[in-house]
Amino acid sequence: MAEVTYLEAIKQALDEEMTRDNNVFILGEDVGYYGGAFRVTEGFYEKYGQWRVLDTPLSESGFTGAAIGAALMGMRPVVEMQFADFISCAFDQIVSVAAKNNYRWGGKTPMVIRAPFGGFVHGGAFHSACPETWFFNVPGLKMVAPSDPYDAKGLLKAAIRDDDPVIYFEHKFLYRRIKGEVPEGDYLVPLGKAKVVREGKDISVITYSAMVHTALEAAQALEGEGISLEIVDLRTLLPLDKEGIYASVRKTNRVIILYETPRTGGVGAEVAALISEEMFGHLDGPILRVSAPDTPVPYSPPFEEFYLPKAEDVIKAARKLAAY
Amino acid sequence: MSKISDALSLIDILKEAIRREHDSYDYYHKAASVAVKPASKKMFLHLAEMERGHASELTRHLIDLEAQNHIDKALTSSF
């Protein structure tokens with residue numbers, strides 16, 4: 001198996017799917033001639049031509065609507081939001097049209113919206129958001145957020161082949177910082193399945209995307225204190241892998257939910273509610289959340305560092321929970 | 001340091017530093033292979049490992065810097 005970056009894994013998935021299926025095409029701002037703001041689609045315009053790698057005007061609502069139309073006609077568009085923050089401009093098309101087509105009249109809308117998201121990049125309030133929470137209670141959508149190259153490739157290929165609209169949250173900070181082994185041949189990572197990335201016995205840390213690496217750092221630091229963290233990478237946020245979450249809670253009886261979005265609502269709140277409803281008898285302590293505070297992402301690097309959840313925050317929460 | 005041109009960027013400096021750490025690793029490793037006394041061999045191997053550690057640390061910084069450079073370009077091109 002070859003070792004590739006997170007970004008290269010995304011690129012491979014797109015390339016392989018476009019080669020496999022002529023109905024797959026890409027559209028978005030600067031994705032063609034320029035190769036994408038982050039260079040994910042570099043070389044695609046030359047390889048697949050202007051009709052399969054479409055440079056669009058700066059209108060997220062417009063090109064998302066165009067993708068929905070193409071999907072309804074049997075194609076499999078992959079939309080790139082240049083930054084996930086801009087996805088709000090296409091909100092109506094995604095939640096009122098793409099997500100509801102199947103419920104309203106059985107209209108399959110097989111499309112993927114790639115959304116480069118997340119902080120740690122000094123992008124400030126307009127280029128650092130984690131908007132998964134905004135879409136979390138929209139039936140008809142699926143959402144994935146890989147943390148490593150293997151899942152980045154396998155989940156994107158699975159998302160492209162899925163018949164529902166899938167928002168694919170790819171973390172900008174991981175693009176060129178995380179490397180991992182990826183099989184040469186075709187493989188899929190099924191949607192809706194979490195994975196345990198580190199076995200442990202004392203506390204479950206339920207998390208996803210870049211925060212998986214924060215959790216791993218904390219777990220390593222806590223080893224010396226005799227606190228063993230089990231890390232569950234959700235991978236798919238919608239639908240959640242409830243059984244995967246419950247299995248870890250049954251094992252450790254203590255839970256921390258770690259996420260990069262503002263604290264209120266969203267994935268962390270839903271996971272906490274599910275555990276409270278279904279697994280209360282297994283808990284030996286309160287469910288703790290480690291998250292960003294309820295503000296936009298600050299631009300100032302020291303403020304951003306303060307704002308984002310860190311390994312120290314997880315360590316503090318784990319000590320508190322272990323002593324409960 | 002006098003040989004380092006002012007024009008070299010931080011990335012170039014890191015790349016050069018990594019190259020030198022690898023050279024040092026090779027140097028100590030070679031020294032260990034020709035050393036006769038076990039204590040000398042052990043010392044050279046230890047020094048070689050230290051150089052390898054430096055190279056790894058510098059590589060981590062280089063990856064981080066290059067990754068951030070790409071993101072900065074994306075950020076500035078999106079305004």
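Author: A salt bridge is a side-chain nitrogen of Lys or Arg within 4 Å of a carboxyl oxygen of Asp or Glu. The model is predicted: local features need pLDDT of at least 70, side-chain atom pairs count only at pLDDT 80 or more, and totals for chains, interfaces and linings use all residues. Residues are numbered from 1 along each chain as its sequence is written, chains are lettered from A in the order in which they are written, and side-chain values use heavy atoms, with hydrogens and water left out.

Reader: What makes the pair B:Asp64 and A:Arg177 a salt bridge?

Author: The N to O distance between their side chains is 2.5 Å. The limit is 4 Å, so the pair of B:Asp64 and A:Arg177 qualifies. Across the interface of chain A and chain B, the rule finds one salt bridge. On the side of chain A that touches chain B, seven residues are nonpolar (Ala, Val, Leu, Ile, Met, Phe, Trp, Tyr, Cys and Pro), four are charged (Asp, Glu, Lys and Arg) and four are polar (the others, Gly among them).

Reader: Why is the pair A:Asp162 and A:Lys142 called a salt bridge?

Author: Their side chains meet at 3.0 Å, N to O, and the name applies because the cut-off is 4 Å. A:Asp162 lies in the loop between helix H6 (149-161) and strand S7 (166-171) of chain A, whereas A:Lys142 is in strand S6 (residues 142-144), 20 residues apart. Helices (H or I, at least four residues) and strands (E, at least two) are DSSP runs, numbered from the N terminus. Over all chains, the structure holds 31 salt bridges.

Reader: How many residues does each chain bring to the contact?

Author: Chain A gives 15 residues and chain B twelve, contact being heavy atoms within 4.5 Å. The two chains bury about 1200 Å² between them, 61% of it on carbon and sulfur atoms; this is the accessible area (1.4 Å probe) that two parts lose on being put together, summed over both.

Reader: Which element supplies the largest share of the lining of the largest pocket?

Author: H2(B) does, with six residues. A pocket is an open set of points on a 1 Å grid over the protein atoms alone, where a 1.4 Å probe fits, with protein on both sides within 12 Å along at least five of seven lines; lining residues have an atom within 4 Å of a point. Among the lining residues closest to the centre of the largest pocket are A:Arg177 and B:Asp64.
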